[in-house]
Amino acid sequence: MTTMQFFNRYVPSFRRTVSLALCLALTSAFCGGSVEQKKSDKDGWVSLFNGKDLKGWKVKIAGYKLNDNYGNTFRVENGILKVCYDKYDKFDGKFGHLFYKDKFSHYILRVEYRFVGKQTPGGPSWAFRNSGIMIHGQSPESMTKKQKFPVSIEVQMLGGNGKDKRPTGNLCTPGTHVVMDGKLATQHCISSKSKTYHGDQWVTLEVEVHGNAIIKHIVNGKVVLEYEKSQLDEKDPDAKKLIKKNKVKMLHEGSISLQAESHPVEFRKVEILLLKK
């Protein structure tokens, strides 16, 4: 065998082996779930939504068993992930959440959303054009059948009512607390400094999460809220169960879910960029 024949036969295989090893090494440098819905783009963003169906997601609606998608609340139509209520006669406290199958710790989550249509009859007044992204959340399997909200950090989305100031990218804390400006913040909801988005316009919302350190809410490219040290509320009944079971109070990772609170909402993009620790 000549030297040229040797290289032609063995070097390509060697290069493939090295390429695979490099890919595995790069993957191990990141933390979070497997994010296998779609291939990443050139910047590393991976879509959690395949544009066709709810594969990779789990449904939990208050009063119903896991993956009982009552009234086809969560659905995919024309490439859009929708929260719909056209098959409801009355909302009747059926708060719902759509959970991605993996949990994450260090990442940037980006969604493009908009509110549409009218609020479902029976929905609470505060839920008008109101939804959210739940991060650092408990698993849907650990929720009780009647539980309305997962213990989590909520990145609240609000749509304008046409006249009043209603910032989006706010913070709500079902069963949790955070530290803001060096102090423990125990109020349930804290408004961001974003502008108000009236009508059915699309809004880009990003959440930059660094485990138990800094979390940033970013609306249309501008940071509107920051906090750190997310933690379970020792006085909350659902959070107390998690503390007792897991022996952990501080939140370093958790589930991601999209909310259904009685007003129709659409998502045309749900994607994630994993970050190094």
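Asp200 sits in the loop between strands S12 and S13 (203-210); helices (H or I, at least four residues) and strands (E, at least two) are DSSP runs, numbered from the N terminus. What you have here is a predicted model, in which local features need pLDDT of at least 70 and side-chain atom pairs count only at pLDDT 80 or more, while totals for chains, interfaces and linings use all residues. Residues are numbered from 1 along each chain as its sequence is written, and side-chain values use heavy atoms, with hydrogens and water left out.

**The chain as a whole**

- The secondary structure comes to two helices and 17 strands.
- Of the 277 residues in the chain, 51% are buried; buried means under 20% relative accessible area, exposed means over 50%, and partly exposed is in between (1.4 Å probe, protein chains only).
- Contact here means heavy atoms within 4.5 Å. Among the chain's contacts between residues at least 6 apart in sequence, 69% join residues at least 24 apart.

**Asp200 and Arg129**

- Asp200 is partly exposed, with a relative accessible area of 36%.
- Leaving aside neighbours within four places in sequence, Asp200 is in contact with Arg114, Phe115, Val116, Gly117 and Arg129.
- With Arg129, Asp200 makes a side-chain to side-chain polar contact at 2.8 Å. A polar contact is a pair of N or O atoms within 3.5 Å; within protein, one must be able to donate a hydrogen and the other to accept it, and residues adjacent in sequence count only if both atoms are side-chain atoms.
- Arg129 belongs to the loop between S6 and S7 and is buried, at a relative accessible area of 9%.
- Although Arg129 is not a glycine, its phi is positive, at about 45 degrees.
- Asp200 and Gly159 are 41 residues apart in sequence, and their C-alpha atoms are 8.2 Å apart in space.

**The cavity**

- The structure holds one cavity of 30 Å³ or more. On a 1 Å grid over the protein atoms alone, a cavity is a set of points where a 1.4 Å probe fits but cannot get out, and a pocket is an open set with protein on both sides within 12 Å along at least five of seven lines; lining residues have an atom within 4 Å of a point.
- The largest cavity has about 40 Å³ of space; grid points are joined across faces, edges and corners, and a volume is the space filled by probe spheres set on the points.
- Its lining is made up of Tyr113, Arg114, Phe115, Leu158, Gly159, Tyr197, Gly199, Gln201 and Val203.
- Strand S6 (residues 106-115) gives the most to that lining, with three residues.

**The largest pocket**

- About 500 Å³ of space lies in the largest pocket.
- Its lining has 25 residues, and Gly137, Gln138, Asn246, Glu253 and Gly254 lie nearest the centre.
- The elements giving two or more residues to this lining are strand S5 (96-104), strand S7 (130-137), helix H2 and strand S16 (254-260).

**Both ends of helix H2**

- At the start of H2 (residues 237-246), a side-chain oxygen of Asp236 reaches to within 3.1 Å of the backbone nitrogen of Asp238.
- Just after H2, Lys247 takes a positive phi of about 60 degrees.
- Lys247 lies in the loop between H2 and S16 and counts as exposed, at 69% relative accessibility.

**The disulfide**

- One disulfide turns up in a search of the whole structure, a disulfide being a pair of cysteine sulfur atoms within 2.5 Å.
- The partners are Cys172 and Cys189, with an S to S distance of 2.1 Å.
- Cys172 lies in strand S9 (residues 170-172) and Cys189 in strand S12 (residues 189-190), so the link ties together parts that are 17 residues apart in sequence.
- The link is right-handed, with 110 degrees about the S-S bond.
- Cys172 counts as buried at 2% relative accessibility, whereas Cys189 counts as partly exposed at 38%.

**Nonpolar cores**

- A nonpolar core is a set of buried Ala, Val, Leu, Ile, Met, Phe, Trp, Tyr and Cys residues joined through side-chain atoms within 4.5 Å.
- The largest has 49 residues, of which Ile133, Ile135, Phe267 and Val270 touch the most other members.
- Not counting residues up to four places away in sequence, Ile133 touches Leu109, Val111, Ile153, Glu154, Val155, Met157, Leu205, Val207, Ile256, Ser257 and Leu258.
- Another core, of five residues, lies apart from the largest one, and includes Val151, Leu232, Ala239 and Leu242.
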